[in-house]
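Subject: Structure handover

Hello,

Here is the structure for you to look through. Please open it next to this email and follow along.

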Amino acid sequence: MEQTASVNSDQVRLSDENGRCTQWRNWIGFWLLGLCNNFAYVVMLSAAHDILKKQESSNSTASTSTALAADFQGVSSRNGSSRYDCNPVSTAAVLLADILPTLIIKLFAPFLIHKLPYGVRVLFCVVMAATSFLIVSFSSTVWMSILGVIFASSSAGLGELSFLSLTVYFSRDVLGGWSSGTGGAGVAGALLYSGLTQVGLSPQITLQIMLVVPFMMLMSYFFLLVPPPSLPQWKSRETEYTAVSSEERRGLMGASEEEEQEKLTQEARSTGTLTLSEKLHIYKGLLKFVLPLGLVYFAEYFINQGLMELLYFPAFFLSHAEQYRWYQTLYQIGVFLSRSSLCCVKIRKLWGLSLLQVVNALVLLLAVRYQFLPSAWLVFAIILYEGLLGGAAYVNTFYFISKEAEDRQREFAMAAASVGDSLGIALAALTSFPVHRYFCSL
């Protein structure tokens, strides 16, 4: 008896160890997927300037290079007639071009994406990300570089809604891994690109080296994750549900027609694919999450693209370009820290985060207009705080959607809600145009 008890105890302990190992593999896998998914998009924005610098054969090329430069480099031809040391072409122009493919994908893909198995989606994202690196590294014209950024944006958009949906097949803690990885992409992407070019590698060679990132996404998904049997890896959800329904139908052959129809209807309601009307109803219910997330990102990117370049302190020991780069770096660090905070703190009052971010935007808007902030140090603190609010809004939005949505609706809800941040960013880009132009004209 003692020997039997000992064997059973060993089996339980082995099972627990296997469970913990699987849990860690999945968490690390989602962290790497988040990192890889956003990495190409971040690097494209930084690299496009260096590629376009060599394409100065026309004025249009030069102006596009200037706009792309400002987003990550903070350097451009300046408007000498303005009291602000600003670029007359707002960086919001580039932001809008970057975000539109992602926004379109997030708006419409959730209604159709269930027809595409997860394995196919991941392969598609990997191919688009690798293509973006190749296009920009070999580009010889402006439109080719822009095309490369569009490929990166499309890959990131499809990847985000797919991987957020994928989290419903795993334990909820993988959502923290995904969010942390996406936050890390902003810091790692910019630092790695800058580091490789700083040691003497050309932008073209640097981008080709970074082809390892899409490969790492491939390895993380297919070899690191431990997927459950229910995951539709190579078959669409509709195919699986049809098979189940047919099986049920054969099992009910002996029942009366009315009983059979009733059981099939109940089965469809609990496991079948969502109808269009059901999806629209879920969208309506998601507004309490999507609207505060969109507002946070609207205020956040209004600061980043409409105001950040104008927050310049001539007497500070850093140049304008260096101040701008530090703003961007501190923002990305703030996002990374708060997107990694789910294991420590959870915030249900999402509207509170939105209002705090709006206050941030209003304070910095007034600071640009009246120039009452005494030093860049204070702006550094505000920008770091801005990143913390934005990252917290993102990770807590999807955590509580995952927690509160019904099982059958959760996969669609996670994908559909991802439109919130992109919509806020697009509206911020549109709003930043007149604001930036106004200040540059003063």
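Below is what was found, starting with the whole chain and then going into details.

This is a predicted model, in which local features need pLDDT of at least 70, side-chain atom pairs count only at pLDDT 80 or more, and totals for chains, interfaces and linings use all residues. Residues are numbered from 1 along each chain as its sequence is written, and side-chain values use heavy atoms, with hydrogens and water left out.

**The whole chain**

The chain has 16 helices and 0 strands. These are DSSP runs numbered from the N terminus: helices are H or I with at least four residues, strands are E with at least two. Of the 442 residues, 52% are buried. Buried means under 20% relative accessible area, exposed means over 50%, and partly exposed is in between (1.4 Å probe, protein chains only). The chain exposes about 20100 Å², and carbon and sulfur atoms supply 65% of that. Accessible areas come from the Shrake-Rupley method with a 1.4 Å probe; for residues, only the protein chains shown count as cover.

**Salt bridges**

Side chains of opposite charge can pair when their charged atoms come close. A salt bridge here is a side-chain nitrogen of Lys or Arg within 4 Å of a carboxyl oxygen of Asp or Glu. The structure holds 6 of them.

- R408 and E278 meet at 3.2 Å, N to O. The pair links distant parts of the chain: R408 is in helix α15 (residues 407–417), E278 is in helix α11, and they are 130 residues apart.
- K288 and E404 meet at 4.0 Å, N to O. K288 lies in helix α11 and E404 in helix α14, so this pair ties together parts 116 residues apart in sequence.
- R410 and D407 meet at 3.0 Å, N to O. They are 3 residues apart in helix α15, so about one helical turn separates them. R410 is buried, with a relative accessible area of 13%. D407 is exposed, at 64%.
- K106, E160 and D421 are linked in a network of salt bridges.

**Aromatic rings**

Rings of Phe, Tyr and Trp (its six-membered ring) pair if their centres lie within 6.5 Å; planes under 30 degrees apart count as stacked, over 60 as edge-to-face and the rest as tilted. By this rule there are 21 aromatic pairs. In one of them, F316 and F380 have ring centres 6.0 Å apart and planes at 75°, so the pair is edge-to-face. F316 lies in the loop between α11 (276–307) and α12 (320–339), and F380 in helix α14 (residues 376–404), so the pair ties together parts 64 residues apart in sequence. Both F316 and F380 are buried. Ring pairs also link F316, F317, Y327, W377 and F380 into a cluster.

**Around helix α13**

L365 is found in helix α13. Its relative accessible area is 27%, so L365 is partly exposed. Which residues does L365 touch, not counting residues up to four places away in sequence? They are F302, L307, V435 and F439. Contact means heavy atoms within 4.5 Å. L365 and F302 are 63 residues apart in sequence and 9.4 Å apart in space, C-alpha to C-alpha.

Now the loop between α13 and α14, where Q371 has its place. Most residues other than glycine have a negative phi. Q371 is not a glycine, yet its phi is positive, about 50°. Q371 counts as partly exposed, at 46% relative accessibility.

Best wishes
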